[in-house]
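Me: I'd like to go through the aromatic rings of a protein with you, and then look at a helix. Can you bring it up?

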Amino acid sequence: MPLTGEYEPSTSDWVREQVDTYEATAGREANTLRETGIPVVIVTSRGASSGKLRKFALMRVEHDGDYALVASMAGAPRNPSWYHNLVAEPLVMIQDGPEPHDFVTHIAEGDERARWWERAVTVFPPYAEYEKKTDRVIPVFVATPA
């Protein structure tokens with residue numbers, strides 16, 4: 001069942017502009033992390049506090065139709081705000097191309113996390129540096145089709 005409700009755009013100009021352009025062009029533009037050329041997906045979640053829909057781009061880490069959503073925040077000491085949204089409401093929409101699809105997320109642990117972490121680092125090698133930079137275990141959510 002798709003997420004519905006009021007959308008509250010990011011307060012960050014570049015995030016808001018990337019999401020808007022990605023959606024307006026059905027994923028043909030703004031589909032990489034800035035100038036890196038590494039593909040991204042657009043994730044829609046429900047705000048844990050506000051209840052409003054939030055959208056953000058994450059690295060595209062896909063395997064057999066499932067996706068990893070890596071809460072790295074570039075190795076910061078705390079989790080990104082969207083982490084709390086997914087803990088509170090595991091239903092998300094992921095747009096990887098022309099239209100979004102519904103997914104259910106869970107936090108990977110143990111061997112599952114190790115497999116997904118390896119896939120994520122293969123796609124985006126800086127994750128390995130982020131892991132060294134922080135004392136926290138960087139959460140990896142696995143999103144499976146709903």
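Me: Which residues do ring pairs link into a cluster?
Reply: Phe56, Trp82, Tyr83 and Phe141 are linked into a cluster by ring pairs (Phe, Tyr or six-membered Trp rings with centres within 6.5 Å; planes under 30 degrees apart are stacked, over 60 edge-to-face, the rest tilted). This is a predicted model, where local features need pLDDT of at least 70 and side-chain atom pairs 80 or more, while totals for chains, interfaces and linings use all residues. Residues are numbered from 1 along each chain as its sequence is written, and side-chain values use heavy atoms, without hydrogens or water.

Me: How many aromatic pairs are there?
Reply: The structure holds eight aromatic pairs, and one of them joins Tyr127 to Tyr130 edge-to-face, with 6.1 Å from centre to centre and 75° between the planes.

Me: Where do Tyr127 and Tyr130 lie?
Reply: Both belong to helix α4, residues 126-133 (a DSSP run of H or I, at least four residues), and they are three residues apart, about one turn of the helix.

Me: New topic: which residues of α1 are buried?
Reply: In α1, the buried residues are Val15, Gln18, Val19 and Tyr22. Seen down the helix axis, the buried residues of α1 fall within an arc of 95° (taken from the directions from the axis to the C-beta atoms), so they line one face of the helix.

Me: What comes just after α1?
Reply: Just after α1 comes Ala26, which takes a positive phi of about 55°.

Notes
Helices (H or I, at least four residues) and strands (E, at least two) are DSSP runs, numbered from the N terminus. Buried means under 20% relative accessible area, exposed over 50%, partly exposed in between (1.4 Å probe, protein chains only).
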